[in-house]
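Take your time with this one and keep the picture open as you read. We'll go through it piece by piece.

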Number of protein chains: 2
Amino acid sequence: MPLELLRTPPPKERSDAARNRAAVLEAAARLFAERGVDAVSMDQVAAEAGVGKGTLFRRFGDKAGLAVALLDARERVLQEAILHGPPPLGPEAGDGERLVAFVEAYLDYLLEHLALVRMSETASPGARYRIGAYRFWHRHVAILANGAPDPEYAAHAVLAALSAEHVAALLPELGEERIRGGIVRLARCAVR
Amino acid sequence: MPLELLRTPPPKERSDAARNRAAVLEAAARLFAERGVDAVSMDQVAAEAGVGKGTLFRRFGDKAGLAVALLDARERVLQEAILHGPPPLGPEAGDGERLVAFVEAYLDYLLEHLALVRMSETASPGARYRIGAYRFWHRHVAILANGAPDPEYAAHAVLAALSAEHVAALLPELGEERIRGGIVRLARCAVR
DNA sequence: AGAGAAGACGGACTATAGTCCGGTTATGCC
DNA sequence: GGCATAACCGGACTATAGTCCGTCTTCTCT
């Protein structure tokens, strides 16, 4: 292996880049909280953060990427609880119990950040299925669904009922509790 | 009842409006078929149809509305088969059999017009749940799901697995047959 | 500290969805 | 047939996402 590859393990972020990223995230969080996710343009975020539009887009790709970055910390908490936390979310619980716990925990997360998750999922076509977090949730559910004839399909189906678009549309019609009951029932039956 | 209301039963479409509508639908169908739905702008449709942009948007509302209008005829065929056709789609079949038939028929329709349906469902947030066709499918499935604890939720869940976005994302990963098998299984279990 | 290179910066630019309103045309009534 | 009215027409206009490239900052190595 050439020496050059060993000398630069992480390409290390420049300090101006780090400063700007923090400024953008802070400005975006503030504006989204104040005016609502949909009422804030990328121009406004850039202006509020005191950076140019090019910087904003180079760093986050698009509006969905900005949402993903804002959700990142909260998502990691849930992922950590799944990987190493106590039952019923963590690995010591039984599959069925663990699946129900995941579905409920994810629904809590989703309802808490509905507008932001929705933006991260719908900003570009197919965005939801490409982001890393979806792959994580999908793998987790598919493993728990080992009793189903096609665990991978079953996992996609459960996650379809947990899409932000779907939940946002059902919320005014059915209310939180019917949604919660329905998705838990769905998960239980999709999995065997 | 006042006489005026009897004299003008339908507010009748003006002949120039009818001509323009036909021109737009024909132009849109041609352009979408030639270049793909996503690669055609509304400006191009208007130019190809020989009408102004204002006319296009006043008539169809937005890009999703144009897609809905193009799908309208095909959708009616399926709705007709459900309301008055022979079993297993029509009303003489048993609920379970009828539900499976619907799911399969809808999947056929969806796969045949995937890009167009996707545009009609995703052009604006929540569009899918507002269009009349969704309400029709939902009511139909909810009635067939009378064995479920919450038939309305179950119907939404089945339709979530039939959204264009979902199916389009799963198609390259799982292929048509696994999707078909999965959704049929899901429908069977969501309903009892 | 200084120089050179890698990479970030930012605002002008493009493309597109959707709105608006003054002008035009069809329609129904006399 | 002529007129008043309602409806339609179309293109200029706005707002926004996302791209591009010349300039400038930061980092590293000596």
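**A walk through the model**

Helices here are DSSP runs of H or I with at least four residues, strands are runs of E with at least two, and both are numbered from the N terminus. A cis peptide bond joins B:Pro87 and B:Pro88, with omega at about 5 degrees. Chain A has a cis peptide bond too, joining A:Pro87 and A:Pro88, again with omega about 5 degrees. There, A:Pro88 is found in the loop between α5 (63-84) and α6 of chain A.

A quick word on the ground rules. This is a predicted model, where local features need pLDDT of at least 70 and side-chain atom pairs count only at pLDDT 80 or more, while totals for chains, interfaces and linings use all residues. Residues are numbered from 1 along each chain as its sequence is written, and chains are lettered from A and ligands numbered from 1 in the order in which they are written.

How confident is the predictor? The pLDDT is its confidence in each residue, from 0 to 100. Chain A averages 92, and 94% of the residues score at least 70. Within chain A, confidence is lowest in helix α1 (residues 3-7), at a mean of 38, and highest in α10(A), at 98. Over residues 1-9 of chain A the pLDDT is below 50, and beyond near neighbours in sequence this stretch has 1 contact in the model. Two residues are in contact if their C-beta atoms, placed from the backbone, lie within 7 Å.

Now step back and look at chain A as a whole. What is it built from? There are 11 helices and 0 strands. Its C-alpha atoms fill a box of roughly 55 × 50 × 30 Å, taken along the principal axes. Of the contacts in chain A with a separation of 6 or more, 62% are between residues 24 or more positions apart. Buried residues make up 32% of the 192 residues in chain A. Buried means that 20 or more other C-beta atoms lie within 10 Å of a residue's own; exposed means 12 or fewer, and partly exposed is in between, with C-beta atoms placed from the backbone.

B:Gly65 lies in helix α5 (residues 63-84) of chain B. It counts as partly exposed because it has 18 C-beta neighbours inside 10 Å.

For a contrasting case, go to helix α10 (residues 151-160) of chain A: 8 of its 10 residues are buried, so it is largely enclosed by the rest of the structure. Among those buried residues are A:Tyr153, A:His156 and A:Leu159. What covers them includes α6 (95-112), α9 (132-144) and α11 (164-190) of chain A, together with α10 (151-160), α11 (164-174) and α12 (176-190) of chain B.

That brings us to where the two chains meet. The contact takes 24 residues from chain B and 25 residues from chain A. On the chain B side, α12(B) gives the most, with 7 residues. The residues on that side divide into 14 nonpolar, 6 polar and 4 charged. Here Ala, Val, Leu, Ile, Met, Phe, Trp, Tyr, Cys and Pro count as nonpolar, Asp, Glu, Lys and Arg as charged, and the others, Gly among them, as polar. Also, 100% of the interface residues of chain B are interface residues in chain A, so the copies meet through the same surface.

How are the copies related? A rotation of 180 degrees with 0.0 Å of shift along its axis superposes chain B on chain A, with an RMSD of 0.0 Å. That is the relation of a two-fold axis. The superposition is by least squares on the C-alpha atoms of residues with pLDDT of at least 70 in both.

Finally, find the DNA. A residue is near a strand if its C-beta atom, placed from the backbone, lies within 6 Å of it. DNA strand C is surrounded by 26 residues, and the closest are A:Val51, A:Gly52, A:Gly54, B:Gly54 and B:Asp62. The largest share of this surface, 4 residues, comes from α4(A). Its residues divide into 6 nonpolar, 8 polar and 12 charged. Around DNA strand D there are 23 residues, the closest being A:Ser15, A:Gly54, A:Asp62, B:Gly52 and B:Gly54. These divide into 5 nonpolar, 8 polar and 10 charged.

Conventions. pLDDT is the predictor's confidence in each residue, from 0 to 100.
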